[in-house]
2 protein chains.
Amino acid sequence: MVFCAVALGAAAQNSFPAETNIRGAKYPQITSDSRAIFKVKAPEVQKLQLDLGKKSDMVKNSEGVWEVTTDSLSEGFHYYSLIVDGVAICDPASETFYGMSRMASGIEVPFAGDDYYAVKDVPHGDIRIKRYFSEVTKSWRNFYLYTPPGYDQNINDKYPVLYIMHGGGEDQRGWATQGKTDLIIDNLIAEKKAVPMLVVMVDGNMPSSGFGMEALNVFENELKKSVIPFVESNYRVKADSKNRALAGLSMGGLQTLHAGVRNTDLFAYLGVFSSGWWSNNNELSGPQYDFMKNNAVTINKNLKQFWIAMGGKEDIAWQNCQAMMGKFDEMNIKYTYSEYSGGHTWPVWRNNLFNFAQLLFK
Amino acid sequence: MVFCAVALGAAAQNSFPAETNIRGAKYPQITSDSRAIFKVKAPEVQKLQLDLGKKSDMVKNSEGVWEVTTDSLSEGFHYYSLIVDGVAICDPASETFYGMSRMASGIEVPFAGDDYYAVKDVPHGDIRIKRYFSEVTKSWRNFYLYTPPGYDQNINDKYPVLYIMHGGGEDQRGWATQGKTDLIIDNLIAEKKAVPMLVVMVDGNMPSSGFGMEALNVFENELKKSVIPFVESNYRVKADSKNRALAGLSMGGLQTLHAGVRNTDLFAYLGVFSSGWWSNNNELSGPQYDFMKNNAVTINKNLKQFWIAMGGKEDIAWQNCQAMMGKFDEMNIKYTYSEYSGGHTWPVWRNNLFNFAQLLFK
C-alpha cells in the first residue's frame, strides 16, 4: 500500500494539461500512465459525474472542487461530458467538438505511436472553410477543404481529391478537428508516403435524415451534383475516376457504400471505416446487395481499392461489417479488409485515414 | 390584458430557432419582436438561470422543462451562458464561440439592417486556418485568413492586407465566427464598396498575458517578425505600408494603438474599436503618450486613416477613449472618430469592420 501511494504521487507529478483544454486551463490533466485527472469547481452542485463512455462519480472536497482520476485511457481523442444533476454538459475547461449531435468536450491522450499526427517541422497545408449554394438542398452549405503544401505556389499543378465523410451526430468539422486530417496528410506527403492531394470534408447531414434509401439518394445527389462540380470548377483538381476517392466513417461509411458503389465510374478508390449494411434489416440492406450483385463485374473492374476497416471486435459496427463481407464474398466483390483495435472511435479513424491515404492515386 | 395575451400568442407563432443553434435544435427561438425564448430539459436540476449579460431565473414546468422569455434583445450576436446550480455552462442547444476565456454559447438576433452580413448570391471568399511556427514565441500558432473571391484564379494579382485582432478572452476565431468577416467583406467587394483584400485574423494571445508594456512588445514582435513575414512570403500580397492596415477591438485596439502607432512606416491605416489607453493609470498609458508626442509629425504624415470607433456611451471603454482623444487633440494627432451604439459587443464591431473596410487601400 505504501508503494502504491508513492507510485501514485510520482505519477501525479508528471501529469500535464491535455492539449484539448482551452488556453490556460490546468485541468483535465493526463498522467504519464495515461490516466486523466478531472477537477471542476462547483461548490453548489449536488451531484457531478464524468461521462467518458462510462460514467464515474466525482467527489467534492471542502473547497467545492470536484475530482476524479480515471483508469488508464486508450490512445488519442475521446469525447466526454460532465453530468450536472442529470444534465450532460460541456466541461468549461475543454475545447468543444461537434459530436453526439451537439458541441461536446474532448480529451486527447498521447501514446507511443501518435507521431503520425504530431505537428512537425514539415511544410503544412491549409484548412479552408468553403461556402457554396447547393441546388440539391436549395440552401447554403459548407465543406472543409485541405489543400496540400505548395497548392498556392504550384499554379500549373492539378491534384487528386479525396472526399471524406464524418459519422452520425458529427459534421464537416469532424475530420478537420477530431480527425487531424491536415497533420496526417502533411506528414505523409513530407515522407513521400502519400501523393499531394486535396481532401474535401463533406457535410453529410441531409435535410432528410436517417440511413434509409431516400436520405442516401439525397446525399448521392448532393455529392454528384453539388460538391464535386463545385470543387472541380473552383480548385485545380484532376477530374477523372483515377484521381477521385471517397471515404467515410460509420454513417459516412454507409454513404460511401451507397454513393461510391453506385458510381465506380466516378471513384476508383473507396474507403469504408467502421461501417457495414444492416445484417438484421433486409428491407434496407437488400436493395444495396441487389445492386452490387447485378453490377459486381463493373464494380470489380472500376475500383482500384475497396478498402474496408474495422476498429476490432469492440467496434459497434463489427457484426454488420462481418456479415456484409460475407455477402461480398458470395458475390465475388473484391475488397481489402484491415483491423485496428480501439472500437468505434476517432483514434481508429485517424489510423484508417493514415493507412488509406497511402494507397491512393498511385 | 386580453389584447396583450393575443399579441403574445401571435408573436410566439412567429418565433423561429436562432441561427446560432446547433443543427435541429428547436430552442432558443427568436420572436418577431426580438425576444428570445429559452427552453431546457433538466428535471433534476434545482436552479437554472440564463445569463445574457444580466441573469434571469428560469422556471421549471411539471415535465422538467425550464423556460424563460427575455425582453426584446438588441441586434446581432450575444454571448450567453446557462447557470446550473451556480456553474456557468454552455447551452447544449447552442453552437459554441470562444469568448470569456472559454467556449461560450451565442445567440444571433436578426434586425432590420443586418443585410450587410447576410449570405447573398455573390462571389464568396475562403476562410483558411493556417498553422505557422513563431520564432518569437518558439511555438506553433495559427491565424485565420480571409482570401477574397478570385484569389485562386487571378494568379497574377497581388492584394492588400488587413491584420485584425480580437478582444480579451477571445482568439483568432472571433472575427471569423462572431465577426462574420468573410460575409462583410464578400458583400462589400460585390458592391464595389471595398477593394479585394486579404484579412489576417491574428491570435493576439501572447505567453506573457495582460496589457502591460512587456506583453504589448511581445505582440508587436510577433506581428512584425512572425505574422507579417509569413503572410508576405506565403500569399500574393502587396508589401508596402499603403497596402497594410491594422485594426482590433478592445484588447486588440490597445495592440493596434501600440504596434500600429510605433510602426506607421508599416501601416498606413489603423482601426481602433472600443478601446483607449487607461485614463487612470499613468504608469501604463504615460509611455504610450510620450511616444506619440515625440512622433506626432511622423504619425500624422504616415497615416492615411487613424480611425477610432466607440459603441456609444454604454461602451465600457468610453471614458478611456474620450480621455485618449483629448490627449490626441493636445498633441495635434489627427484621427477620425465615429460612434455606433450597442456597447462593448460584437454587433458594434461588425459594424466597425463594415465601415472601416470601405476606407482602406483607396
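1. Two strands are taken to pair if DSSP finds at least two bridges between them. In this predicted model, strand 2 (residues 29-30) and strand 3 (residues 36-41) of chain A are joined by two bridges and run antiparallel. Within that pairing, Gln29(A) has Ile37(A) of strand 3 as its bridge partner.

2. The pair belongs to an open sheet of chain A, in which five strands follow the order 1-2-3-7-6 with antiparallel pairing. The edges of this sheet are formed by strand 1 (16-17) and strand 6 (59-60) of chain A, each of which pairs on one side only. Strands of a sheet pair through backbone hydrogen bonds, and the arrangement may be parallel or antiparallel.

3. The loop between strand 1 and strand 2 of chain A deserves a look at the backbone, as Pro28(A) is found there and is joined to Tyr27(A) by a cis peptide bond, with omega about 0°. In chain B, a cis peptide bond likewise joins Tyr27(B) and Pro28(B), again with omega of about 0°, and Pro28(B) is placed in the loop between strand 1 (16-17) and strand 2 (29-30) of that chain.

4. A further backbone point concerns Lys192(B), which has a positive phi of about 60° although it is not a glycine. This residue, Lys192(B), sits in the loop between helix 3 (181-190) and strand 15 (198-202) of chain B.

5. How is chain A divided into domains? The assignment gives domain 1 as residues 4-109 and domain 2 as residues 126-357, and the C-alpha centres of domain 1 and domain 2 of chain A lie 33 Å apart. Glu75(A), Phe77(A) and Tyr98(A) supply 52% of the area that domain 1 of chain A buries against domain 2 of chain A, which is more than any other three residues give.

6. As for the extent of that domain interface, twelve residues of domain 1 of chain A are in contact with eleven residues of domain 2 of chain A, and the two domains bury about 960 Å² between them, 48% of it on carbon and sulfur atoms. Between domain 1 and domain 2 of chain A there are two salt bridges, and nine residue pairs are in polar contact, both residues being at pLDDT 80 or more. On the side of domain 1 of chain A that touches domain 2, the elements giving two or more residues are strand 8 (76-84), strand 10 (96-99) and strand 11 (102-109) of chain A. By class, that side of domain 1 of chain A has six nonpolar, three polar and three charged residues. The side chains of Glu108(A) and Arg350(A) meet in a salt bridge, with N to O at 2.7 Å.

7. Turning to the interface between the chains, 45 residues of chain A are in contact with 45 residues of chain B, and the area buried between chain A and chain B is about 3800 Å², with carbon and sulfur atoms giving 52%. On the chain A side, Arg23(A), Arg131(A) and Trp140(A) lose the most area to chain B, and together they account for 17% of what that side buries.

8. The elements that give two or more residues to the side of chain A that touches chain B are strand 9 (87-89), strand 10, strand 11, strand 12 (126-134) and helix 3 (181-190) of chain A. The largest share, six residues, comes from strand 12 of chain A. By class, the side of chain A that touches chain B has 18 nonpolar, ten polar and 17 charged residues. In one salt bridge, Arg23(A) pairs with Asp203(B), and the closest N and O atoms are 3.2 Å apart.

9. Over all chains the structure holds 42 salt bridges, and side chains of opposite charge can pair when their charged atoms come close. Which residue meets Arg128(B) in a salt bridge? The partner is Asp126(A), with N to O at 3.0 Å. Because Arg128(B) lies in strand 12 of chain B and Asp126(A) in strand 12 of chain A, this pair joins two chains.

Notes:
Residues are numbered from 1 along each chain as its sequence is written. Chains are lettered from A and ligands numbered from 1 in the order in which they are written. This is a predicted model: local features need pLDDT of at least 70, side-chain atom pairs count only at pLDDT 80 or more; totals for chains, interfaces and linings use all residues. Side-chain values use heavy atoms; hydrogens and water are left out. Domain bounds come from an automatic or database domain assignment. Contact means heavy atoms within 4.5 Å. Buried area is the accessible area (1.4 Å probe) that two parts lose on being put together, summed over both. A salt bridge is a side-chain nitrogen of Lys or Arg within 4 Å of a carboxyl oxygen of Asp or Glu. A polar contact is a pair of N or O atoms within 3.5 Å; within protein, one must be able to donate a hydrogen and the other to accept it, and residues adjacent in sequence count only if both atoms are side-chain atoms. Helices (H or I, at least four residues) and strands (E, at least two) are DSSP runs, numbered from the N terminus. Ala, Val, Leu, Ile, Met, Phe, Trp, Tyr, Cys and Pro count as nonpolar, Asp, Glu, Lys and Arg as charged, and the others, Gly among them, as polar.
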